[in-house]
Amino acid sequence: MVNPAIETASFEVPIIYNGVPKEERVRRDELIAAVLQRALHLFHVRDRQHVYGLFKAATGGSPIPDNITVHAAGVEKGMELFLREKQVQGG
Amino acid sequence: MLRLRGSVWADTLDHLRTCGARRVECAVLWTGPIDEPGIVDRAVHPVHVSTRVHYRIDQGWMHAFHVSLYRERRTMRAQTHTHASRAFHSKTDDDWPAVNTAGFHSLVFPRFARAPLRIEDLWLAVLDDDGEWVSVDPGQNIEGLP
């Protein structure tokens, strides 16, 4: 039988990068920065990590702040999080 | 190896030349189905601001684009953009691509992609496993070039 406390303390969310989703388990009390680091590792982003952020589908203009918890960010079980570059430019 | 399908090449040139008619840089993103590796069947012209020497894609547009890629099970396989003179990769090009994972390609066109365009004047690179851009021959790495 699953401990209800554990069941609600962590849950899985799909993290999507360049169209590809991968499931990641997150804890309500952990910082978004930690989730972001695991997401970068999940998708083998080894370089230029500072340009990345996690974005919610509905509020895509700005990344979720790194320094707040999963719970404070309003991230819930099954919520799609988009890993993407905060800036794309060239020249 | 990228494999161009349908009117991708023609659409790319059309976007780059129309957008670049004002002598500013332009970018086009190449996408394909996730389940068909290497296939590029769509040339997407992003909303962007640009000058003669720089372009920047609108972040609101970029987010909506990422969401649509996911919903349609598609992925970006390459970015293309123009330079005013010769084609190469600047530091900005190196550091701020649309995708930062191994296998992503970047194709640069000289002279705002104006005709006549020679394949040997294009510059193509692919990201390796260490995050480094490796220059490769466009003719040997893109199927479907004229």
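This is a predicted model: local features need pLDDT of at least 70, side-chain atom pairs count only at pLDDT 80 or more; totals for chains, interfaces and linings use all residues.

Colleague: Fine. How many helices and strands are there in chain A?

Modeller: Chain A has 2 helices and 5 strands. Read from the N terminus, they come in the order α-β-β-α-β-β-β.

Colleague: And what is the radius of gyration of chain A?

Modeller: It is 14 Å. A compact globule of 91 residues would be near 12 Å, so the value for chain A agrees with that. The C-alpha trace spans about 55 × 25 × 20 Å along its principal axes.

Colleague: What share of the residues in chain A is buried?

Modeller: Buried residues account for 44% of the 91. As for the surface, chain A exposes about 4500 Å², with 56% of that coming from carbon and sulfur atoms.

Colleague: Now the partner. How many residues of chain B are in contact with chain A?

Modeller: On the chain B side there are 35, and they touch 29 residues of chain A. Together the two chains bury about 2800 Å², and carbon and sulfur atoms make up 51% of that area.

Colleague: Which residues in chain B lose the most area to chain A?

Modeller: Those are H63(B), Y70(B) and W96(B), which together give 27% of what the chain B side buries.

Note on methods: Residues are numbered from 1 along each chain as its sequence is written. Chains are lettered from A and ligands numbered from 1 in the order in which they are written. Side-chain values use heavy atoms; hydrogens and water are left out. Helices (H or I, at least four residues) and strands (E, at least two) are DSSP runs, numbered from the N terminus. The radius of gyration is taken over C-alpha atoms; the globule rule is 2.2 Å times the number of residues to the power 0.38. Buried means under 20% relative accessible area, exposed over 50%, partly exposed in between (1.4 Å probe, protein chains only). Accessible areas come from the Shrake-Rupley method with a 1.4 Å probe; for residues, only the protein chains shown count as cover. Contact means heavy atoms within 4.5 Å. Buried area is the accessible area (1.4 Å probe) that two parts lose on being put together, summed over both.
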